[in-house]
Amino acid sequence: MISPFLSEGVIGELLGDKDDSEDAGPTSRCLITRKTSVTNRIYKAFNRNEKDDGIWVINSTLSSNDALEDGATYGDVNRDIHAKVYYTEKYDESHKLYVGSLNASQNAFDHNVEFLLELQYKNYHSSYRSIKEDFIPNEECPFVPLNDWDETINEPEKKEVDFRAEVYGIQRAEIIAENSAFTIKVYADDDFEGVTIRPFYVKTDIQLLKQNVEFQNVPLRSLSNMFILTKNGAECLIRLEVTGMPADEREDAIFNEIISNRSMFMTYMRYLLDEDDYDSISLEELVMGKTAAGNGTEGYGFSTESDLYERMLRAAANHPEQLDSMFEVTERLDDDKIGEEFKQLLELFMKATGRKGKGRR
């Protein structure tokens, strides 16, 4: 078994240990995990005999620069376990190897959406010892045996915070337009003591989860069907059925916030037309606001018209569908960021290529 995170209950179920007797569960068992995930009970479960059983953890020397061959790499080298692998064999069944995302933890088994791929082997094609030797070779092994258990390195296993009552107790939410802002109303079956809720994009207005919760003066760009619940120091992201969402208007507001001036608009047009040729700025930098742009027509050190005109000519000849993407963007943005000359130029290209556009206005 390879799993970085563990829960005692899940380990007991997987091993089938009904009691502490020598005959309970598999006759041979091996675990590769993080040292901090091991508890006294788990340590005993995998150390019933000295021949085949045991727990292996990452070799501590691999977390030091001393492990590097060149010795000159900057910073520490961190080696950790991320794989999840399970191998089982029974005398009357095919040997099975499971690989995927599933940790041997309560949270993974009971709450998360996980994935496991089952591979079946003919009995003479695989064995417990051969699989073990593949992962724990005699030479240059990245793992070392855990020969004793020190409770001082482990914290008590944290209990998962259960949000099921709150999730199923929230009925719906609605959005009401009020002048230039909006009100979000959330309806629940009951008051939930000690539980708070807030819209995903609203950071400061946090309220107790009651039968009727109201968030006022929410800007258009902060509307969402996602909400954050908080209880006992834990958070839970939920999605609610929301009525009254001005979907198109909200997308327009977000778009106008990201593309805040004409320079950014021209930059985005270049990105849509030819991402490979234009590498001075990436879309990620544009969205994150890492590159400063002025309010003039030359925000990034190049002519805003000639090179863009050439790109539009190439797009019209080779990829006219790119003009549709440009048109959709112009339909979402405020006119002062586009400019009348560019709108006329784009319309000319659309007519010349027979494109009708897919705008909404």
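Residues are numbered from 1 along each chain as its sequence is written, and side-chain values use heavy atoms, with hydrogens and water left out. Because the model is predicted, local features need pLDDT of at least 70 and side-chain atom pairs count only at pLDDT 80 or more, whereas totals for chains, interfaces and linings use all residues.

Helices (H or I, at least four residues) and strands (E, at least two) are DSSP runs, numbered from the N terminus. Two strands are taken to pair if DSSP finds at least two bridges between them. An open sheet of three strands shows mixed pairing in the order 1-2-6. Its edges are formed by strand 1 (30-32) and strand 6 (143-145), each of which pairs on one side only. Neighbouring strands of this sheet are turned by 25° against each other on average, direction ignored. Axes here are lines fitted to C-alpha atoms, for helices over the stretch in contact, and angles run from 0 to 180 degrees between N-to-C directions. Strand 2 (residues 54-58) is joined to strand 6 by three bridges in the antiparallel sense, and Ile 58 has Phe 143 of strand 6 as its bridge partner.

Asn 59 lies in the loop between strand 2 and strand 3 (85-88). With a relative accessibility of 19%, Asn 59 counts as buried; the term means under 20% relative accessible area, with exposed over 50% and partly exposed in between (1.4 Å probe, protein chains only). Contact means heavy atoms within 4.5 Å. When neighbours within four places in sequence are left aside, Asn 59 is in contact with Cys 141, Pro 142, Phe 143 and Val 144.

Strand 7 (residues 170-178) pairs with strand 8 over eight bridges in the antiparallel sense, and Ile 175 stands opposite Ile 184 in strand 8. The hairpin of strand 7 and strand 8 has two residues between the strands, and Asn 179 takes a positive phi near 60° there. Strand 8 also pairs with strand 11 (residues 212-218), in the antiparallel sense and over five bridges; in this pairing Lys 185 stands opposite Glu 214.

Gly 169 is located in helix 5 (residues 164-169). Gly 169 is buried, its relative accessible area being 5%. Apart from neighbours within four places in sequence, Gly 169 is in contact with Ala 188, Asp 189 and Phe 192. The C-alpha atoms of Gly 169 and Asp 190 are separated by 7.0 Å, although these residues are 21 residues apart along the chain.

Helix 7 (residues 262-273) contains twelve residues and reaches 17 Å from its first C-alpha to its last, close to the 16 Å expected at 1.5 Å a residue. The expected span is 1.5 Å times one less than the number of residues. Eleven of the twelve residues of helix 7 are buried, so this helix is largely enclosed by the rest of the structure. Among the buried residues are Arg 262, Phe 265, Tyr 268, Arg 270 and Leu 273.

The axes of helix 10 (residues 321-332) and helix 12 (residues 340-352) come within 11 Å and cross at roughly 145°. On the helix 10 side, Leu 323, Asp 324, Met 326, Phe 327 and Thr 330 meet Phe 342, Leu 346, Phe 349 and Met 350 of helix 12.
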